[in-house]
Amino acid sequence: MEPTTFPSTPKSLRLIRAYVEQAAQWAGLDGRRAYRLMLAVEEVASNIIEHGYAGKAETGPIHLAVRQADSFLAVAVEDEGQPYDLSASSLPDVSLPLSERNRGGLGNFLVLKNVDEFRYERIGNRNCNTLLVSVA
């Protein structure tokens with residue numbers, strides 16, 4: 001599939017989801033894996049939209065690229081916002097009742113629990129998030 005770029009606006013979430021759905025079909029993911037991947041990518045994109053470009057005069061792009069290697073489908077989600085490695089943040093203890101949990105972090109939890117592997121790099125001015133799911 002061809003890489004593509006979306007503006008970091010809430011309206012792009014529907015288009016990002018459709019792109020990932022198409023990638024999942026292309027790779028032959030079953031419905032459950034496809035849904036989990038779409039959920040994870042959508043959450044990364046939502047974080048970029050809400051927090052990544054915060055404080056900047058205008059929004060920036062969200063770049064998506066898909067590749068299949070070995071037995072994995074990889075979706076790269078890149079932005080030029082503030083540096084942020086979601087895998088380095090503390091995750092909520094979901095075993096606690098809602099009333100006892102700290103606010104925030106549930107989106108990061110959803111990302112990390114719905115993919116087989118998550119990688120983050122900061123390359124130049126870009127956050128490079130790679131989400132991998134098994135196609136086997």
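## A pair of facing strands

In strand β5, leucine 131 is the bridge partner of phenylalanine 118, and in β5 as well, threonine 130 is the bridge partner of arginine 119. Strands β4 and β5 pair in the antiparallel sense over seven bridges, where two strands are said to pair if DSSP finds at least two bridges between them. Strands of a sheet pair through backbone hydrogen bonds, either parallel or antiparallel. In the hairpin of β4 and β5, which has two residues between the strands, glycine 124 takes a positive phi near 60°.

This is a predicted model, in which local features need pLDDT of at least 70 and side-chain atom pairs count only at pLDDT 80 or more, while totals for chains, interfaces and linings use all residues. Residues are numbered from 1 along each chain as its sequence is written, and side-chain values use heavy atoms, with hydrogens and water left out.

## Overall layout

The protein chain contains three helices and five strands, and along the sequence these follow the pattern β-α-α-β-β-α-β-β. Helices (H or I, at least four residues) and strands (E, at least two) are DSSP runs, numbered from the N terminus. Of the 136 residues of the chain, 40% count as buried, where buried means under 20% relative accessible area, exposed over 50%, and partly exposed in between, for a 1.4 Å probe and protein chains only.

Among contacts in the protein chain with a separation of 6 or more, 63% are accounted for by residues 24 or more positions apart, a contact being heavy atoms within 4.5 Å. The accessible surface of the chain comes to about 7,700 Å², and 50% of this belongs to carbon and sulfur atoms; the areas come from the Shrake-Rupley method with a 1.4 Å probe, and for residues only the protein chains shown count as cover.

## The sheet

Five strands form an open sheet in the order β1-β2-β3-β5-β4, with antiparallel pairing. Its edge strands are β1 and β4, each of which pairs on one side only. Neighbouring strands of this sheet are turned by 20° against each other on average, direction ignored, and helix α1 lies across β1, β2 and β3, running at about 10° to β2. Axes here are lines fitted to C-alpha atoms, for helices over the stretch in contact, and angles run from 0 to 180 degrees between N-to-C directions.

Strand β5 is joined to β3 by eight bridges, and the two run antiparallel; asparagine 127 in β5 is the bridge partner of aspartate 79. Eight of the nine residues of β5 are buried, so this strand is largely enclosed by the rest of the structure.

## The nonpolar core

The largest nonpolar core has 32 residues, and those with the most contacts inside it are Leu37, Val41, Ile62, Leu64, Val77 and Leu131. The elements that give two or more residues to this core are α1 (12–27), α2 (31–52), β2 (61–69), β3 (72–79), β4 (117–123) and β5 (126–134), and the largest share, nine residues, comes from α2. Such a core is a set of buried Ala, Val, Leu, Ile, Met, Phe, Trp, Tyr and Cys residues joined through side-chain atoms within 4.5 Å. In soluble globular proteins, nonpolar side chains tend to be buried together.

Leucine 131, apart from its neighbours within four places in sequence, is in contact with a set of residues including Leu37, Val41, Val77 and Phe118.

## An aromatic pair

The structure holds one aromatic pair. The rings of phenylalanine 6 and tyrosine 19 have their centres 6.3 Å apart and their planes at 75°, so the pair is edge-to-face; rings of Phe, Tyr and Trp (its six-membered ring) pair if their centres lie within 6.5 Å, and planes under 30 degrees apart count as stacked, over 60 as edge-to-face and the rest as tilted. The pair links distant parts of the chain, with phenylalanine 6 in strand β1 (residues 4–7) and tyrosine 19 in helix α1, 13 residues apart. Both phenylalanine 6 and tyrosine 19 are buried.

Aspartate 70 lies in the loop between β2 and β3 and is exposed, with a relative accessible area of 79%. Its phi is near 50°, a positive value in a residue other than glycine. Phenylalanine 72, in strand β3, is partly exposed, with a relative accessible area of 28%. Phenylalanine 72 and valine 133 are 61 residues apart in sequence and 5.4 Å apart in space, C-alpha to C-alpha.
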